[in-house]
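Hi,

Here's the structure I said I'd pass along. Have a look at it first, and my notes follow below.

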There are 2 protein chains.
Amino acid sequence: MVSDDATLPLDDRGLAYGDGLFETVLVYDGRPRLWDYHVARLLDGCQRLGIPAPSRATLDRLPRQAGPGLQVLKLVLTRGSGGRGYLPPQTAEPRLRWQCTPFAANERHWRDGIRVRHCALRLAIQPALAGLKHLNRLENVLARREWSDPETIEGLLSDHEGRLVEATCMNVFWCRGERLETPRLERCGVAGTLRQALLERLPISEVDADPRILNEVDALWLGNSVQGIWPVIRLDDTEGCCLAEWKLTDRHRELQNSAQQLLGYPVLPPAGVS
Amino acid sequence: MVSDDATLPLDDRGLAYGDGLFETVLVYDGRPRLWDYHVARLLDGCQRLGIPAPSRATLDRLPRQAGPGLQVLKLVLTRGSGGRGYLPPQTAEPRLRWQCTPFAANERHWRDGIRVRHCALRLAIQPALAGLKHLNRLENVLARREWSDPETIEGLLSDHEGRLVEATCMNVFWCRGERLETPRLERCGVAGTLRQALLERLPISEVDADPRILNEVDALWLGNSVQGIWPVIRLDDTEGCCLAEWKLTDRHRELQNSAQQLLGYPVLPPAGVS
């Protein structure tokens, strides 16, 4: 692991209040994937939270510090110390911290797909924070604690009013006939950088969806900018009982390979070929 | 300022996800006020988040480290490092950090009351976290950023569905005739220790309330376990325009003096006497 100063003072507002943002970036031989999308989300977060943004040059230096091969760069930007209680200081001095860790993609999940379940926890609706990768992630932690079965790889989250939103650390995509869809994220959820890159390249519609529609979709995928896209082959309810199963098809591979290309991963073979 | 090791590693889950809890405790000559209430809320938080709780003996040692006179002890308990992403480690090793800072109560606000406003931000509804003093406090930070006028001391927060909940760092109390009331906190908000101690001693009803009822109440107060209780003498809307004003009465002093007694502060003189 490579990192800069890997500590923060107790009075840092990132610790005290989760007053900050983070990004998790795939890096290959020092070259970051989807970097413009990560930078754009971070700067959007700075603007919405009122945290002074680091310069592009400062950010651009970080992935270059990563070692050779495949790495994950995690960067954390906090508002720094100071202020009176919740009131931020008039001129914040943000702290930017980072670390790089070697990474290996899960080729089995790419190839064979994964089993997921619905989580019981409902995401709170907070438009002021929706889409951001901020440091207030207790909901994700609580949702991920709902199951320990190692065969279940991810959990789906719906919001307080019953709309499907995301998985604990991935975005959700499905197709119904020819129609590719993903949940709208204006109310809650993290707007993933891979999701954004795919939205700009493919005819994917952002929709409000009842999670029960997933039982009837033709294909279901989860994805993020580090792992790429995993097809879902089984969906369980909150108790682990099967709601739906899917056979892998070339339709699954199409969306996956769009992501593989964006992330610099190899093209996947057709679904019927092992 | 006195503290223990005042840093945390970058991979601490308290920083990464706000995966932890805190308490802010009034201490006089090493003796904590409302200590049993602070410990109870912390242990309730540990139980609900699944964080191993520190022993009572470990906690009891902290306020004794405070210097002489009036101090505020801030303690932070995080789930520590480790786990895979949002999934906590099977056996977490929590980190307990603390610092003590000299404190002086605001006698002017006790005596003369304060001006408050409604905040535009709506608190998200999340029963899984309601009541806890956890480290996910971006909503409070954003709400506190809504005004900079130094004459306005606190901001009132309603939830996503329009119910009055709390102020940015205080609980809310009011009376209508003989009836003392405070918002229910099952959906969001922090269950203050002073609020809890008052609920156990006085006939205060927990209610769901539309914030507009405040324009008609006989008295309005804000309070927490460090500052005690401040009467509200003027309430503004989200733009700073006056909605209601109150003259201080002995009714205000009654609730205030219950808090003064609980916190070891001096009894306040009648409202008409300066």
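**A buried arginine and a domain contact**

Let's start with Arg137(B), which sits in the chain B loop that runs between β7 (114–123) and α5 (138–144). Keep in mind that this is a predicted model.

Arg137(B) is buried, yet it makes no salt bridge. Glu166(B) is the nearest side chain of opposite charge, and it is 5.3 Å away, whereas a salt bridge would need the charged atoms within 4 Å. What the Arg137(B) side chain does reach is the backbone oxygen of His134(B), at 3.1 Å. Leaving out residues up to four places away in sequence, Arg137(B) touches Tyr17(A), Tyr86(A) and Asn136(A) from chain A, plus Phe22(B), Leu132(B) and Val190(B) from chain B.

Now over to chain A, which is divided into domain 1 (2–102) and domain 2 (107–263). The centres of these two domains, taken over C-alpha atoms, are 25 Å apart. Domain 1 puts 21 residues into the contact and domain 2 puts in 24.

Between them, the two domains of chain A bury about 1800 Å², with 65% of that on carbon and sulfur atoms. Three residues stand out on the domain 1 side: Leu34(A), Tyr37(A) and Arg41(A) supply 37% of the area that domain 1 buries against domain 2, more than any other three residues.

How many salt bridges cross this domain interface in chain A? Zero, by the rule used. Polar contacts do turn up there, in 13 residue pairs. On the domain 1 side, the elements giving two or more residues are α1 (13–17), β3 (20–28), α2 (35–49) and β5 (70–78) of chain A. α2(A) gives the most, with seven residues.

Cheers

Terms used:
Residues are numbered from 1 along each chain as its sequence is written. Chains are lettered from A and ligands numbered from 1 in the order in which they are written. This is a predicted model: local features need pLDDT of at least 70, side-chain atom pairs count only at pLDDT 80 or more; totals for chains, interfaces and linings use all residues. Side-chain values use heavy atoms; hydrogens and water are left out. Helices (H or I, at least four residues) and strands (E, at least two) are DSSP runs, numbered from the N terminus. Buried means under 20% relative accessible area, exposed over 50%, partly exposed in between (1.4 Å probe, protein chains only). Lys and Arg count as positive and Asp and Glu as negative; His and the chain ends are not counted. A polar contact is a pair of N or O atoms within 3.5 Å; within protein, one must be able to donate a hydrogen and the other to accept it, and residues adjacent in sequence count only if both atoms are side-chain atoms. Contact means heavy atoms within 4.5 Å. Domain bounds come from an automatic or database domain assignment. Buried area is the accessible area (1.4 Å probe) that two parts lose on being put together, summed over both.
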